[in-house]
Amino acid sequence: MDEYNIRSLRRVHDALTDRGFERLWGMERVVYRGLLDPTGLRVPIRVDVTDIDFVRPPRILVEESYDVTGRRLPHLLGESRSFCYYANGAVVLDRYNPGGTILQCLEQADSVIRDAVRGRSDTDFADEFNNYWASSFLFVDLPSDFSGKAKIRFLDIDRREERSPVLCLDDSWLADVHRANGKNLPEGDDCFVVSTSVALSLNPNDQWPPNNLLELNRWVRWVDPNLLGYLERSFASGDALTRWVAIRAANGTYVYSATLPPVLQKDEFRKSRQSNLPVMLNRFSSKVEIRRANGVPADTDYIFSRNMGKMINLAEKRILLVGVGTIGSFLAQQLAQSGAGTGGGQLTLLDTDVLRTANLGRHLLGIPYIDRNKAEACAEFLKQQLPMLDVVCRPGDALDLAAGERLPYDLIIDATGEEALSLALNERAVRSNGSWPPILFGYLIGNGAMAQALMTSDRDHACLKCLKPQLSGEPRFRSLRPDVEVFKVSNMQCADPLHIPYPVTRSVMAAALICEMALAWAGGEVGHRLRSHLFDQARAFSVKDGSPTPSRDCPACQTI
């Protein structure tokens, strides 16, 4: 240990011993024993201060000798009696003031333990309920408003030997993954899914956790009487010996199951189960063992919306991405992770080129996809990563696609960076006189000095050609500085076009700029239709974002 850390530990030691703590010597970790709320509750604890970087709050364990007359305390988690006094990420602790920081943590813990013991924070049980309910879990892929009969199935979703428990319907994307791995879909066990508007919590004055039907029903009666009886009634139909119930509450999905005790598996009970078994279950309720599991959301709405906050994602949209190269490949992944290809929408990829070794330094794909069509390979890669997506590839040239007057897309994105192709697509869109969907053009300028994106959709705003009406003339919004030339190199294969070098960072950030504009479009607030991101101030000027109007000199717009 270096001298700095030794000094920090000394400061922690001085602060703790001044508060009456003593170090437990002979341990691998640095642990002290003392009291929380020393002038009041006098709660015996151990505090681990091994991590003097204070990346996380020091761990506090409440000694088993401390009893609150049978009452359960919020924030006291698990059999280890670890005490949660700061929520993860709630505070940044000062590693440069180790003595003051450890005292700050103890003062916070003093306050939290006082509120917990006096019942002032019982509502916090609901926030931490998954910690109290179970240590095991299962995936949940159900529509948000679903109630009724679903299935618990053990599925092969990651090609590991051990299968994963999933609560789902037959059309779950997780079931599709299982089938894609060459497995038949198992019949599974019935699970009755019920809903409540309350947040599940626990009664701090009662036994916890519920390990049998008697204890479970006592808790259910306390938390929401409307949830009573589902397990008993589920046994009244069919021959299954194990039944499941899932409670979808305001604070998550919580699952429990039970197997008929041997005494109720006898033929005389099972033959008359329609009328007698629920009654018999209650009679033997203390012998009916309950198993519990936390539900982990795995539906597509959750996966593609949780990071978006109040933003609208790309679900339900039909998007065509033209060009799956150095920008387009990363953009395809970002669009997919933003929900494109879900909710009945579709993400279509188009590129005529194949992946070569020359592309590997700045392309999403790697060696396994060499000599594969980029669109086909990228669609396959995205389906491997996110199997629930509807991602397809289209062969052929973008201009062949552009022959139709009404295209089956909500948005077209051109990420080819090929000026001639982009201008040809722009021309067809302008001539369609509004029958085409919006086109979002994205490209890099110079040797990656600037990324730029333009949304075109109507006659009131500039088309792509409006940004540079004359091919050999100056652009309307000057970007490259005077005397800056675009550096190009020849590829080893003579049939390939000249190569414009720039680092992969520029590709990824250009893709991000385009994806941001696609999300703005999906949310109904396009905002600035021309957006730029400057990378190299020595080579390019800053271009202010805005929504330019059509140019009077634009040969595309003026011929309509």
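Mentor: Happy to! Start where strand 19 (residues 450-456) meets strand 20: the two run antiparallel and are joined by 5 bridges. Strands here are DSSP runs of E of at least two residues, and helices are runs of H or I of at least four, numbered from the N terminus. Two strands count as paired if DSSP finds at least two bridges between them. In general, strands of a sheet pair through backbone hydrogen bonds, either parallel or antiparallel. To find your place in this pair, look for Ala453, which stands opposite Arg531 in strand 20.

Before we go on, remember that this is a predicted model, where local features need pLDDT of at least 70, side-chain atom pairs count only at pLDDT 80 or more, and totals for chains, interfaces and linings use all residues. Residues are numbered from 1 along each chain as its sequence is written, and side-chain values use heavy atoms, with hydrogens and water left out.

Angles run from 0 to 180 degrees between N-to-C directions, and axes are lines fitted to C-alpha atoms, for helices over the stretch in contact.

Contact means heavy atoms within 4.5 Å.

Helix 12 (residues 374-385) has another partner, helix 11 (residues 328-337): they pack at an angle of about 35°, with their axes 11 Å apart. Helix 11 passes helix 12 in a right-handed crossing, meaning that the near helix is turned clockwise from the far one by less than a right angle. At this contact, Ser329, Ala332, Gln333 and Ala336 of helix 11 meet Cys378, Phe381 and Leu382 of helix 12. By class, that gives 5 nonpolar residues, 2 polar and no charged ones. Ala, Val, Leu, Ile, Met, Phe, Trp, Tyr, Cys and Pro count as nonpolar, Asp, Glu, Lys and Arg as charged, and the others, Gly among them, as polar.
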